[in-house]
Amino acid sequence: MKGRTTYTMIKPDAVSAGNSGAIIKMIEEAGFNIVAIKKTRLNQEVAGKFYAVHRGRPFYQDLCNYMSSGPIVAMILTKDNAVDDFRTLIGATNPSDAAAGTIRQLFATSIEANAIHGSDSDENALIEAGFFFSELERY
Ligand code: ADP
Ligand code: MG
């Protein structure tokens, strides 16, 4: 059965552009419940671990620099079919491929600075939430 939990973060480009509120409103209007929320900042080490799956890709170092360049808004969200429904709400990785009305189509400025993260599996949602929230905060 598909899980009810996903992890997201509003990325530094969208936070610094003042789009956090508009993005959170879209998330709530799409039926997601925010069970935990925190404005924080990644350092290089945390960014590197969070995106470890991309180590070795040409964009990895730039991605770690960008993700630690300013504050992010971390959230744990719940909804039926959370992971897939949230990926639909945010749209494709490259904003030029993102469907109309998706968060990335509306707010992303490039394939790197693409406004928002969304977990890609139930398993990764719990692992990623664990980077930012204690077990007590998660439930
Ligand atoms: P998604 O965030 O849609 O799951 P990926 O997991 O493939 O996408 O990549 C993680 C993040 O790395 C992307 O959200 C984006 O910020 C960055 N990224 C991915 N592909 C590229 C690329 N070709 N060039 C620059 N940055 C990229
Ligand atoms: Mg991904």
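## Close-up views of a pocket and its ligand

**View 1. Helix H7 gives four residues to the lining of the largest pocket, the most of any contributor.** This is a predicted model, in which local features need pLDDT of at least 70, side-chain atom pairs count only at pLDDT 80 or more, and totals for linings use all residues. Residues are numbered from 1 along each chain as its sequence is written, ligands are numbered from 1 in the order in which they are written, and side-chain values use heavy atoms, without hydrogens and water. Helix H3 (44-50), helix H4 (60-67), strand E4 (116-118) and helix H7 (122-132) each supply at least two lining residues. Helices here are DSSP runs (H or I) of at least four residues, and strands are runs (E) of at least two.

**View 2. The largest pocket has a volume of about 640 Å³.** Of its 25 lining residues, Tyr51, Val53, His54, Leu63 and His117 are the closest to the centre. A pocket is an open set of points on a 1 Å grid where a 1.4 Å probe fits, with protein on both sides within 12 Å along at least five of seven lines; lining residues have an atom within 4 Å of a point.

**View 3. Ligand 1 takes up the space of the largest pocket.** To sit there, more than half of a molecule's atoms must lie within 2 Å of the pocket's grid points.

**View 4. Which side chains have an N or O atom close to an oxygen atom of ligand 1?** His54 has one 3.0 Å away, and Asn114 has one at 2.9 Å. For Lys11, a polar side-chain atom lies 2.8 Å from a ligand oxygen.

Conventions. Grid points are joined across faces, edges and corners, and a volume is the space filled by probe spheres set on the points. A polar contact is a pair of N or O atoms within 3.5 Å; within protein, one must be able to donate a hydrogen and the other to accept it, and residues adjacent in sequence count only if both atoms are side-chain atoms.
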